[in-house]
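Subject: Structure handover

Hello,

Here is the structure I promised to pass on. Please open it next to this message. My notes follow below.

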Amino acid sequence: MSQEVRPILESEQHTLYLFSMDNLVKEAKETLGKELQEFTLQDSKTAGGYVVPVADAIVATKILRELGVTGEAVVKNVNGKAYVILKGLPGSRKVLTGTRYLANNPKIVKMAIGTKAVNRSIMKGSIVTLLITIPLSIADVCLKDQTTTGHLIGVVATDIAKVLISSGVASLAALAVGAVTTVAAGPLIAAIFVGVAMGVALESLDQRYGITEKLVAAIDKELNSLYERTIGDFIRGVQRIEDLLDYQARNGLPVGQGVFY
Amino acid sequence: MNVKAAHVVLVLFDFAAVAACYWSLSDYLSVQQALHLGSSSVSFESSLLYLPFAMVIPVLHVTSLLRFWEPVKQSAAYVSAASVFVLIVVVAVFKLQATNEIENQLKAHQYHACETIQKGRYRRVIYRKGECY
């Protein structure tokens with residue numbers, strides 16, 4: 001075979017591993033430490049809780065790799081437009097080869113440099129978290145033997161509130177850090193760790209004071225009371241009329257008198 | 001956000017971070033104490049050991065002030081980044097170490113995990129001596 005063709009063929013070479021389903025399941029059990037059937041929705045929720053911090057950590061690593069540990073970025077407003085000015089040698093960078101970018105430049109937004117980009121990243125992260133946790137919460141409630149509408153509304157409402165509070169606080173931290181430090185990865189790192197700490201604190205407070213349970217109980221009580229005041233009242237009214245008509249029919253009185261005429 | 005407002009917000013975050021650290025450590029110590037006293041039930045929230053991560057804010061805040069201090073003005077960004085990195089590593093190692101230590105102690109004192117609540121990053125396990133009920 002000629003020396004020219006060999007590298008081309010080798011570059012196109014792929015290795016395909018074939019596993020039987022049994023072997024794959026066995027491998028998964030050994031790696032994960034438990035049977036696939038033993039995984040619950042709570043495990044999915046747990047994994048879901050790590051998606052956004054891990055994604056943000058990857059972005060932070062990209063910033064550090066691109067700008068270095070001491071990489072500095074300053075946000076300046078010029079003629080009403082916000083610019084991100086990068087300090088250091090542009091030649092040593094791979095992606096951000098310029099010295100200044102508009103704050104909404106796609107490269108800057110993707111790297112989450114500057115408070116505007118970090119806030120966008122936080123907002124995106126919150127949406128992803130909600131898209132993961134809410135369907136799982138709904139599925140979790142629906143798969144229970146006994147559940148109420150109040151439980152579903154209460155659980156989803158507290159999940160949304162926790163995500164929004166964590167994101168809001170993380171965003172505020174990023175904004176404040178971005179205003180005082182020039183470390184490029186500073187606002188994103190602040191947002192990641194404040195978000196993690198806030199999420200844990202809110203969940204702990206919820207468990208400690210039973211906030212979700214109290215909310216569920218209040219919603220259930222309100223829904224029951226609403227049912228009593230509307231459908232319950234209507235059913236009782238119909239029942240009363242039925243009893244009266246029955247009484248009139250049994251006692252030879254004009255049926256419907258006092259009700260319809 | 002202007003710099004003055006940012007400092008005010010960061011001071012609030014600094015206090016909150018210290019409070020979070022205190023909460024985390026006091027919970028860790030209360031579990032140790034419960035173990036020492038041989039309580040029949042011990043509730044361990046390992047995820048509370050993530051709370052000291054909030055200290056990144058005071059660290060970033062304090063080190064951001066270094067650029068006004070002439071002797072370290074040039075290396076302020078380096079000091080800031082290095083301090084945050086060290087803090088993250090220390091907290092992560094402490095979390096793993098403390099969780100392992102408490103779980104080993106619980107096992108050694110013949111506690112059994114009876115109830116586990118896991119939601120996202122939050123995890124609380126209630127251990128009891130003897131049989132679970």
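First, a definition for the sheets: two strands pair if DSSP finds at least two bridges between them. Helices (H or I, at least four residues) and strands (E, at least two) are DSSP runs, numbered from the N terminus.

Some ground rules. This is a predicted model, in which local features need pLDDT of at least 70, side-chain atom pairs count only at pLDDT 80 or more, and totals for chains, interfaces and linings use all residues. Residues are numbered from 1 along each chain as its sequence is written, chains are lettered from A and ligands numbered from 1 in the order in which they are written, and side-chain values use heavy atoms, with hydrogens and water left out.

The sheet in chain B

Chain B has an open sheet of 3 strands in the order 1-3-2, with antiparallel pairing. Strand 1 (41–44) and strand 2 of chain B are the edge strands, and each pairs on one side only. Neighbouring strands are turned by 15° against each other on average, direction ignored. (Axes are lines fitted to C-alpha atoms, for helices over the stretch in contact; angles run from 0 to 180 degrees between N-to-C directions.) Strand 2 and strand 3 of chain B are joined by 8 bridges in the antiparallel sense. In this pairing, B:Glu115 stands opposite B:Ile126 in strand 3 of chain B. Helix 7 (residues 186–209) of chain A packs on this sheet. The helix touches strand 2 and strand 3 of chain B, and its direction makes about 45° with that of strand 3. Contact here means heavy atoms within 4.5 Å.

The interface

How many residues does each chain give to the contact? Chain B gives 34 and chain A gives 38. Together they bury about 3200 Å², 72% of it on carbon and sulfur atoms. (Buried area is the accessible area, 1.4 Å probe, that two parts lose on being put together, summed over both.) In chain B, the residues that lose the most area to chain A are B:Trp23, B:Lys119 and B:Arg121, together 22% of what that side buries.

B:Trp23 lies in helix 1 of chain B. Among the residues that B:Trp23 touches are A:Ala201, A:Ser204, A:Leu205 and A:Arg208.

The rule finds 2 salt bridges across the interface. (A salt bridge is a side-chain nitrogen of Lys or Arg within 4 Å of a carboxyl oxygen of Asp or Glu.) A:Arg208 forms a salt bridge with B:Asp27, with the closest N and O atoms 3.6 Å apart.

Helix 1 (3–37) of chain B gives the largest share of the side of chain B that touches chain A, 8 residues.

The sheet in chain A

Chain A also has an open sheet: 3 strands in the order 1-2-3, with antiparallel pairing. Strand 1 (73–78) and strand 3 (100–102) of chain A stand at the edges with a single partner strand each, so one side of each is left without a neighbour in the sheet. Neighbouring strands of this sheet are turned by 30° against each other on average, direction ignored.

Strand 1 and strand 2 of chain A pair over 6 bridges. They form a hairpin with 2 residues between them, and A:Asn79 in the turn has a positive phi of about 50°. A:Tyr83 is the bridge partner of A:Lys76. A:Tyr83 also stands opposite A:Leu102 in strand 3 of chain A. Strand 2 (residues 81–86) and strand 3 of chain A are joined by 3 bridges.

Best wishes

Notes
Lists of a residue's contacts leave out its neighbours within four places in sequence.
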